[in-house]
Amino acid sequence: HQTIISKTKKHDIMKAKTKQSNAHKARNRKYVPFDEMRRLMEVYGSTKCLRKRADNMKITSIKRKFYRWFPDLEKRFVKNGAGIYVPKLGHEFEMRYREDMRKKDMVILSKKRQLSRLDASQSDSVKVALDLWLEESKQAS
């Protein structure tokens, strides 16, 4: 006898598990004031290549974006006495690091787009070569 679970019940279970795992991550983070989040995002930017920006984002969306852009905040930044986060290795180093990461991501993204545009009529060896190149690029990052 096999128990059948409805799709909505499965969805609710998965949603609850996701919320639990996300709540665990949030508990381990240090509190960063919203104004400081916005400042860091404006000054340093993302480590991924820049996409279109939405002008009127919700506060919760901005917070999620901040933690995607700064997943290693405690490792790369330190909070000074005024409550402002500054890069441990200096402003110029952090700016160069993020610029390099954006360039690498742009190359990987363009290769992914090329791969997806290849027709079925094109040689499988070209697709395999691009797949290998993408894997090597990811491992080098």
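## Overall architecture

The protein chain has 6 helices and 2 strands, taken as DSSP runs numbered from the N terminus (H or I of at least four residues for helices, E of at least two for strands). Read from the N terminus, the order of the elements is α-α-α-α-β-β-α-α. The model is predicted, so local features need pLDDT of at least 70 and side-chain atom pairs count only at pLDDT 80 or more, while totals for chains, interfaces and linings use all residues. Residues are numbered from 1 along each chain as its sequence is written, and side-chain values use heavy atoms, with hydrogens and water left out.

Of the 141 residues in the protein chain, 23% count as buried; buried means under 20% relative accessible area, exposed means over 50%, and partly exposed lies in between (1.4 Å probe, protein chains only). The protein chain exposes about 11300 Å², and carbon and sulfur atoms supply 54% of that area. Accessible areas come from the Shrake-Rupley method with a 1.4 Å probe, and for residues only the protein chains shown count as cover. Among contacts in the protein chain with a separation of 6 or more, 63% are between residues 24 or more positions apart; a contact means heavy atoms within 4.5 Å.

## Helix α3 and its cover

Helix α3 spans residues 59–69, and its buried residues are Ser61, Ile62, Lys65, Phe66, Tyr67 and Trp69. The cover over these buried residues includes α2 (34–44), α4 (73–76) and α5 (91–117).

Met95 is a residue of helix α5. Met95 counts as partly exposed, because its relative accessibility is 28%. Leaving aside residues up to four places away in sequence, Met95 touches Val43 and Tyr44. The C-alpha atoms of Met95 and Gly45 are separated by 8.6 Å, although these residues are 50 residues apart along the chain.

## Aromatic rings

There are 4 aromatic pairs in the model. Phe70 and Phe77 form one that is edge-to-face, with 5.7 Å centre to centre and 70° between the planes. The rule pairs rings of Phe, Tyr and Trp (its six-membered ring) whose centres lie within 6.5 Å; planes under 30 degrees apart are stacked, those over 60 are edge-to-face and the rest are tilted. Phe70 and Phe77 are both buried. Ring pairs join Tyr44, Phe66, Tyr67, Phe70 and Phe77 into a cluster.

Tyr97 has a charged residue over its face: Arg76 lies there, at 3.7 Å from the ring centre. A charge sits over a ring if NZ of Lys or CZ of Arg is within 6 Å of the ring centre and within 35 degrees of the ring normal.

## Salt bridges

The structure holds 5 salt bridges, each defined as a side-chain nitrogen of Lys or Arg within 4 Å of a carboxyl oxygen of Asp or Glu. One of them joins Lys48 and Asp105, whose closest N and O atoms are 4.0 Å apart. This pair links distant parts of the chain, with Lys48 in the loop between α2 and α3 and Asp105 in helix α5, 57 residues apart. Lys48 is partly exposed, with a relative accessible area of 48%, whereas Asp105 is buried, at 14%.

Arg76 also forms a salt bridge with Glu94 (3.0 Å, N to O). Here too the pair links distant parts of the chain: Arg76 is in helix α4 and Glu94 in helix α5, 18 residues apart. Arg76 is buried, with a relative accessible area of 16%, and Glu94 counts as buried at 2%. Arg102 and Glu99 are separated by about one helical turn, because they are 3 residues apart in helix α5. Arg102 counts as buried at 13% relative accessibility, while Glu99 counts as partly exposed at 35%. Salt bridges with shared partners join Arg76, Glu94 and Arg98 into one network.

## A nonpolar surface patch

Val78, Ile84 and Val86 form a nonpolar patch on the surface, with about 190 Å² of accessible area together. Patches are made of residues with over 30% relative accessible area and no salt bridge; like charges are joined within 9 Å, and nonpolar side chains (Val, Leu, Ile, Met, Phe, Trp, Tyr) within 5 Å. Ile84 is found in the loop between β1 (77–79) and β2 (85–87). Ile84 counts as partly exposed, because its relative accessibility is 33%.
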